[in-house]
Amino acid sequence: MNAEGLVEVVLPGKVEPEGLEIRHGAVPTAGPGQVVVRVEATGVSFAEQQMRRGRYYDQPPFPFVPGYDLVGTVLATGEGVDPALAGTRVAALVKVGGWASHVLVDAADAVPVPFGIGAAEAETLVVNGITAWQMLHRKAHVRAGHTVVVHGANGGVGSVLVQLAQAAGARVIGTASVRHHDALRERGVVPVDYRGDDVAARIRALAPGGVDAVFDHVGGRGIVGSWSLLAPGGTLVSYGSASTRDDEGSKQWPVLKLLLRVWLWNALPNRRSAYFFNVWAGRALAKNRFRARLRADLTEVFDALRRGEVTAQIAAQLPLTHVAEALRLAESGTVAGKVVLKP
């Protein structure tokens with residue numbers, strides 16, 4: 001089986017998408033507690049778009065293999081791992097290393113994909129699904145009767161957030177460019193053009209009493225507008241700084257500024273709360289608890305997919321070796337859903 005050989009994509013430094021390199025090597029061997037996953041699908045998330053610019057706040061030093069998450073079949077198991085895992089389809093959140101044909105994963109980080117869910121479908125819901133589920137249910141505690149605002153409602157995380165919020169019984173106002181408005185309306189979302197004048201004012205007109213939650217991946221100055229939309233008891237969840245993607249200077253500063261702002265808002269006696277969501281929070285302190293929560297939440301997302309509450313939005317599927325084209329497409333802002341890479 002291991003005659004296949006390893007194919008992986010290397011990010012050598014700050015490069016244009018065409019500067020990514022394809023490297024060949026030997027398929028890795030599973031060590032104690034590990035499995036070798038033959039990757040069936042990985043994808044382009046916002047993290048890789050920042051990493052190639054050197055803008056992701058805790059990326060490893062260049063060169064490295066990007067790839068935030070993956071879905072594949074367990075090819076081999078290491079010592080101390082149940083050999084019955086071989087041949088099963090699993091998903092894993094890895095932060096880096098996913099853009100490869102074969103990846104070493106700690107067996108404890110491999111989450112089983114339920115039978116009947118395809119690899120590309122599952123891939124659209126790994127980092128995006130966990131992020132959306134945890135923000136919605138573990139941070140904002142959204143429930144029936146709530147009104148929520150999802151910025152970038154057509155995006156990878158945004159589209160999952162919209163569907164999970166609706167499954168919970170919430171009314172959703174979603175910002176997106178006009179070309180996505182018809183699709184959002186069909187989904188039951190009230191669309192708002194994020195490019196127009198005062199977006200916050202237009203949302204306020206739709207929800208004069210304020211909203212119960214705002215999910216903001218944009219950061220920058222717009223975060224103040226998001227905070228201003230909250231009703232008493234409302235929650236702002238910030239989960240990125242897309243507005244500073246192309247900025248020069250410190251990659252830590254936009255995130256630190258957001259964290260500082262969130263801390264200040266929470267210190268004020270205003271009956272509203274703000275969070276900066278990081279999917280990796282808690283892993284360093286309590287690895288087993290982190291893994292158990294991730295497994296439970298991703299399983300919930302896969303169950304929602306099987307019930308039809310969430311659809312897998314695949315924007316495009318491209319071979320791993322066409323990674324430059326895939327990255328350009330993901331960065332173009334013209335696609336809905338996730339660009340999937342297939343080794």
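This is a predicted model: local features need pLDDT of at least 70, side-chain atom pairs count only at pLDDT 80 or more; totals for chains, interfaces and linings use all residues.
Residues are numbered from 1 along each chain as its sequence is written, and side-chain values use heavy atoms, with hydrogens and water left out. Local features need pLDDT of at least 70 and side-chain atom pairs pLDDT 80 or more, whereas totals for chains, interfaces and linings use all residues.

The pocket comes first. A pocket is an open set of points on a 1 Å grid over the protein atoms alone, where a 1.4 Å probe fits, with protein on both sides within 12 Å along at least five of seven lines. Grid points are joined across faces, edges and corners, and a volume is the space filled by probe spheres set on the points. The second largest pocket holds about 230 Å³ of space. Strands E1 (6–10) and E6 (102–106) each supply at least two lining residues. Helices (H or I, at least four residues) and strands (E, at least two) are DSSP runs, numbered from the N terminus. E6 gives the most, with 5 residues. By class, the lining has 10 nonpolar residues (Ala, Val, Leu, Ile, Met, Phe, Trp, Tyr, Cys and Pro), 4 charged residues (Asp, Glu, Lys and Arg) and 2 polar residues (the others, Gly among them).

Salt bridges were searched next. A salt bridge is a side-chain nitrogen of Lys or Arg within 4 Å of a carboxyl oxygen of Asp or Glu. The whole structure contains 18 salt bridges. One of them joins Asp106 and Arg291, at 3.2 Å from N to O. Asp106 lies in strand E6 and Arg291 in helix H9 (residues 287–306), so this pair ties together parts 185 residues apart in sequence. Asp106 is partly exposed, at 30% relative accessibility. Arg291 is buried, at 14%. The cut-offs are under 20% relative accessible area for buried, over 50% for exposed and in between for partly exposed (1.4 Å probe, protein chains only).

Arg291 also forms a salt bridge with Asp109, with the closest N and O atoms 2.6 Å apart. Asp109 lies in the loop between E6 and strand E7 (111–112), so its pairing with Arg291 of helix H9 ties together parts 182 residues apart in sequence. Asp109 is buried, with a relative accessible area of 14%.

The side chains of Asp297 and Arg138 meet in a salt bridge of 2.7 Å, N to O. Asp297 is in helix H9 and Arg138 in helix H3 (residues 127–139), 159 residues apart. Asp297 is buried at 3%, whereas Arg138 is partly exposed at 40%. Elsewhere, Glu16, Glu18, Arg52, Arg53, Arg328 and Glu331 are linked in a network of salt bridges.

The structure also holds 6 aromatic pairs. Rings of Phe, Tyr and Trp (its six-membered ring) pair if their centres lie within 6.5 Å; planes under 30 degrees apart count as stacked, over 60 as edge-to-face and the rest as tilted. Tyr56 and Tyr68 form an edge-to-face pair, 6.2 Å centre to centre with 75 degrees between the planes. Both residues, Tyr56 and Tyr68, are buried. The rings of Phe62 and Phe64 have centres 5.7 Å apart and planes at 15 degrees, so this pair is stacked. Phe62 is partly exposed at 30%, and Phe64 is buried at 8%. Ring pairs also link Tyr56, Tyr57, Tyr68, Trp280 and Phe290 into a cluster.

How values were computed: On a 1 Å grid over the protein atoms alone, a cavity is a set of points where a 1.4 Å probe fits but cannot get out, and a pocket is an open set with protein on both sides within 12 Å along at least five of seven lines; lining residues have an atom within 4 Å of a point.
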